[in-house]
Amino acid sequence: MASLRLRHLSPSGATAPPSSFAQLRRPSSCLAGPRPLRSRLTRVYALSSNDIRVGSNLEVDGAPWKIPEASISKETKQFTYKDGAQFVFMDLTTFEESRLNESDVGDRQKWLKEGMDCNLLYWNGRIIDFDLPITVRLTVTDTDPGQGDSAQGGTKPATVETGAVVTVPSFVNVGDDILIDSRTGQYMNRA
């Protein structure tokens, strides 16, 4: 396992940071005489995500750092109900409940329907995020009357059972089940 050392330049200019495992050197002209203000400022060296891997050892400001592998797991839970400002998910094998605050769910709540299976992401036993199914099936509860299968391709707004408003083709009517892409909020087709 390779170790990578990152250091800021000391006031004496004695150390230079390595870059891609090759040592960078300051020109000798920078070491003689008073140093300009620019060279006395702290320098920051950026690494790309390709430079840091699990198990990498880094030295930052003279202190060692190790990048351990994160203990992250994903579990499928069913959204069962909303309790005040909390969304309750249940593991259908153990019946254990997990709760997310309304602020954690955010805009995704407009696609969240009771009985929907979602993937909850856990880190160190704590929920850090969740994923909705990519395609969600929702019922239209309010829209202007349809105009049949028109070739013009007109659209109109429609409200679905979760309260979200979606732009749908003009032939969609109240009571129709539609498929929506939960990532974009776009109408896909009738179910």
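**How do you know?**

Guide: The protein's accessible surface comes to about 12500 Å², and 51% of that belongs to carbon and sulfur atoms. Such areas come from the Shrake-Rupley method with a 1.4 Å probe, and for residues only the protein chains shown count as cover. Bear in mind that this is a predicted model, where local features need pLDDT of at least 70, side-chain atom pairs count only at pLDDT 80 or more, and totals for chains, interfaces and linings use all residues. Residues are numbered from 1 along each chain as its sequence is written, and side-chain values use heavy atoms, with hydrogens and water left out.

Visitor: How many helices and strands does the protein have, and what makes them count?
Guide: There are 3 helices and 15 strands. They are DSSP runs, numbered from the N terminus: helices (H or I) need at least four residues and strands (E) at least two.

Visitor: What makes Phe95 exposed or buried?
Guide: Its relative accessible area is 58%. Buried means under 20%, exposed over 50%, and partly exposed is in between (1.4 Å probe, protein chains only), so Phe95 is exposed. Phe95 sits in the loop between strand E7 (86-90) and strand E8 (97-101), and it has a positive phi of about 65° although it is not a glycine.

Visitor: And how do you know whether Asn124 is exposed or buried?
Guide: Asn124 has 54% relative accessibility, so it counts as exposed. You'll find Asn124 in the loop between strand E9 (117-123) and strand E10 (126-131). Asn124 also has a positive phi, near 50°, in a residue other than glycine.

Visitor: Why is something called a nonpolar core?
Guide: Because it is a set of buried Ala, Val, Leu, Ile, Met, Phe, Trp, Tyr and Cys residues joined through side-chain atoms within 4.5 Å. The largest one here has 26 residues, and Phe89, Trp111 and Ile180 are among those with the most contacts inside it. Elements giving two or more residues to this core include E7, E9 and strand E14 (177-181).

Visitor: How do you know where this core lies relative to domain 1 and domain 2?
Guide: Domain 1 (72-131) and domain 2 (135-190) both give residues to the core, so it lies between them. The domain bounds come from an automatic or database domain assignment.

Visitor: Which residues is Trp111 in contact with?
Guide: Contact means heavy atoms within 4.5 Å. Leaving aside neighbours within four places in sequence, Trp111 is in contact with residues including Met116, Val136, Val166 and Ile180.

Visitor: What makes Lys82 and Glu102 a salt bridge?
Guide: The rule asks for a side-chain nitrogen of Lys or Arg within 4 Å of a carboxyl oxygen of Asp or Glu. Lys82 and Glu102 meet at 3.0 Å, N to O, so by that rule they form a salt bridge. This pair links distant parts of the chain, 20 residues apart, with Lys82 in strand E6 (residues 72-83) and Glu102 in helix H3 (residues 102-105). Lys82 has a relative accessible area of 38%, so it is partly exposed. By this rule the count comes to 11 salt bridges.

Visitor: Which side chains does Arg99 meet in salt bridges?
Guide: Arg99 meets Asp83 at 3.0 Å, N to O, and Glu97 at 3.6 Å, N to O. With a relative accessible area of 34%, Arg99 is partly exposed. Elsewhere, Glu75, Lys77 and Asp91 are linked in a network of salt bridges.
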